[in-house]
Amino acid sequence: MTNIAVLLPYEDMVEKTWNIIRENHYEIEYVKVIESANAVNEARLAAQQGAEIIIARGYHAQLIRSYTNIPLVDMRYHAQEIGLLIQQAKKMSHKEHPVIGLAAFENTLCDLSSMGELFGVELLISYINRIEEVPDILYDMKKKGADCVIGGDTVCREAEKIGCFSIKFQATEESVRDAIERARSMAYAVENEKRNAAQFETVLDISFNGIIKINGAGRIIAINRLVENLLGKGMEEIKGELLFDIFPQFDRWIIDDILSGARENYSSAIELKGRNWMFLAAPIQFDGQVAGAILSLHAITEIFRKDRQLANDVRLHGYTAETRFKNIYTENSSMRAALNMAKEYSLSDSPVLIYAETGTEYYQIAEAIHNNSIRKGGPFVSVNINGLSEDKQMAVLFGDGRGLEAKNPYEKGAMIRANYGTIYIKDIDRLSIEAQYQVSRMILDGAVNRTDALPMENVDVRVIATTQKNLQLLANKGQFYEGLYYLMQGLVLEIPPINSRNEDLQYYIDRYFKEFCRKYNKYLVLSNGVRQKFQELRWKGNLLQLRSFLERLVLTATKRNITEQMIQKLYEGLYPYVGESGDGERIVVYKAEEALKISGLLEKYRGSRKLVAKELGISTTTLWRKMNKYGIESKYGVDE
């Protein structure tokens, strides 16, 4: 049982306390009268002799709480005790409605909000923060007409000095009993916490998985030996540290969701110390509130253990994936959700289908999924079948028929080269129906043959594919093998285009702009409206288009300040709309009717914005904004 010590301010309270202990069979052996000057040392002495909870009152309790971290229960005056003292003070004043002053430390008093009304007195209550404040408190009470003051020893002494009647607080058995009961409740909670901690420590010690316990603020409370070995640090070294300072690999927004109650659980795959782990997180809930979380790490066993020869073969033929999830930047919530789902897909071995526009991060995500999976050590083989005939597609994917016996790795076919690893197929919708059928057989049976007449060869390959087409529509039209559609349509990712991710768009504008300014030794500045202009333009080629555009912009810029007009003019020049006429294709640059009207009026008034604005019925400022929007420049250079 948790040991309790009772430290009392007055000798006359000792007998009452022992009577209560004996009557109720409390297991308390430490009861002592102390003085204010020794309160802190007495509390420390009690702790040295085994006390784990201390009961004290008033100034003593305040001192112990301020200078030690020993659990403390305040002994409070009961309403019954205060009522008896007020009655005594009222008699002493010889007045029907006297003014009674009450000065005490706040931690000693109960709720006194209706006490004056009940006893027919005006009650002046002052809370003492420091003992040095008592003379000023009493002087103020006397100015307000206090007939009598109730307080402790110091209050009564100071009241006598200024000629004011005083009555000393007297503790009844009820206040002592209440304090002991509250201390016993605290002791029970401490015992439960000890028991829970011991149980949790046992779980930590015997677990084959890594376990991390954090509190509601995201700080580490406990780790087990596996995590200690993983970090090369003991629990005492990192206890109290923020989780993300020790484990930057964890997604902060996911942990925040767990701790806020927005998520009830989470699973993903992460890389720690060069090894892949299944990562699980769940909140600790207490009384309807999230008090922290338990995070567990389960080691993922790679299906492909590389010996030196195999490792050299993978590197020699370039069958490696470079990207990891930490290398893919985003601040956009939709992209974060896509990356989070991709991490979850890393735990599976089933095919993944990525819907994405040209120039988005689909290839990097495919590499990251591979590097975060049990196939991390195996080959990552990328295949692009665009423009290949049906026979050529079959040869590229499944080889020339010699299979594993082929000496040249490229004669084996991509599926065999990707054995124990991942094959990435770009634009899977462009595969021939025959090739689609063979891919579906490989996924289902784990075997490859070029035609049904050839012997099958067992392979273990995961498929990740991308497409820009709706495969369901193609399957409905008979242009995509229905069996493969249903195999691929399970683990699906949709990568949002850069135009829908303004945070990421601005990041990449800065990144590429700075990159090319350094490369071409130019110091250029983007005007305030340029970023908005970038957001208004359509980047169908996403990051590929954005990067090449910014290189051209920096390389050919003749002015230090880059303006909206310069952006619009370059964009229209590089990416005109290509229409068709009777003679074939021709470049047609379409402009909005408003843009054409403004250009015509500028020509009419030889560049006078004032006259153009007047005819349009708008201000010159509004006209200037519209000219920036459409990238209209006046060849006359008139600014009036």
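Helices here are DSSP runs of H or I with at least four residues, strands are E runs of at least two, and both are numbered from the N terminus.

Before you start: this is a predicted model, so local features need pLDDT of at least 70 and side-chain atom pairs pLDDT 80 or more, while totals for chains, interfaces and linings use all residues. Residues are numbered from 1 along each chain as its sequence is written, and side-chain values use heavy atoms, with hydrogens and water left out.

**Exercise 1.** Describe how helix 6 packs on helix 7, and say which residues meet.

*Step 1: geometry.* Helix 6 (residues 134-143) and helix 7 (residues 153-161) pack at about 55°, and their axes are 10 Å apart. Axes are lines fitted to C-alpha atoms, for helices over the stretch in contact, with angles from 0 to 180 degrees between N-to-C directions.

*Step 2: label.* That angle makes helix 6 oblique to helix 7 (under 35 degrees is roughly parallel, over 145 roughly antiparallel, 65 to 115 roughly perpendicular, the rest oblique).

*Step 3: contact.* From helix 6, Val134, Pro135 and Leu138 meet Thr154, Val155, Glu158 and Ala159 of helix 7 (contact: heavy atoms within 4.5 Å). Sort them by class and you get five nonpolar, one polar and one charged (nonpolar: Ala, Val, Leu, Ile, Met, Phe, Trp, Tyr, Cys, Pro; charged: Asp, Glu, Lys, Arg; polar: the others, Gly among them).

**Exercise 2.** Work through the contacts of helix 23 with helix 21 and helix 24.

*Step 1: helix 21.* The axes of helix 21 and helix 23 (residues 542-556) come within 9 Å and cross at roughly 40°. The two helices are therefore oblique to each other, and helix 21 passes helix 23 in a right-handed crossing.

*Step 2: who touches.* Helix 21 brings residues including Tyr508, Tyr512, Phe513 and Phe516, and helix 23 brings Leu543, Leu546 and Leu550 among them. The class tally is 11 nonpolar, no polar and four charged residues.

*Step 3: helix 24.* Helix 23 packs on helix 24 (residues 564-574) at about 120°, axes 11 Å apart, again as a right-handed crossing. Gln545, Phe549, Arg552 and Leu553 of helix 23 touch Ile567, Leu570, Tyr571 and Leu574 of helix 24. That contact has six nonpolar, one polar and one charged residues.

**Exercise 3.** Characterise two ring pairs, Phe250 with Phe279 and Tyr329 with Tyr508.

*Step 1: count.* The structure holds 21 aromatic pairs (Phe, Tyr or six-membered Trp rings, centres within 6.5 Å; planes under 30 degrees are stacked, over 60 edge-to-face, the rest tilted).

*Step 2: the Phe pair.* Phe250 and Phe279 are stacked, 4.5 Å centre to centre with 10° between the planes. Phe250 sits in the loop between helix 11 and helix 12, Phe279 in strand 12, 29 residues apart. Phe250 is buried at 4% relative accessibility, and Phe279 is buried at 2% (buried is under 20%, exposed over 50%, partly exposed in between; 1.4 Å probe, protein chains only).

*Step 3: the Tyr pair.* With centres 6.4 Å apart and planes at 90°, Tyr329 and Tyr508 are edge-to-face. Tyr329 lies in the loop between helix 13 and helix 14 and Tyr508 in helix 21, so the pair ties together parts 179 residues apart in sequence. Tyr329 is partly exposed at 24%, whereas Tyr508 is buried at 5%.

Key: Left-handed = near helix turned anticlockwise from the far one by under 90°.
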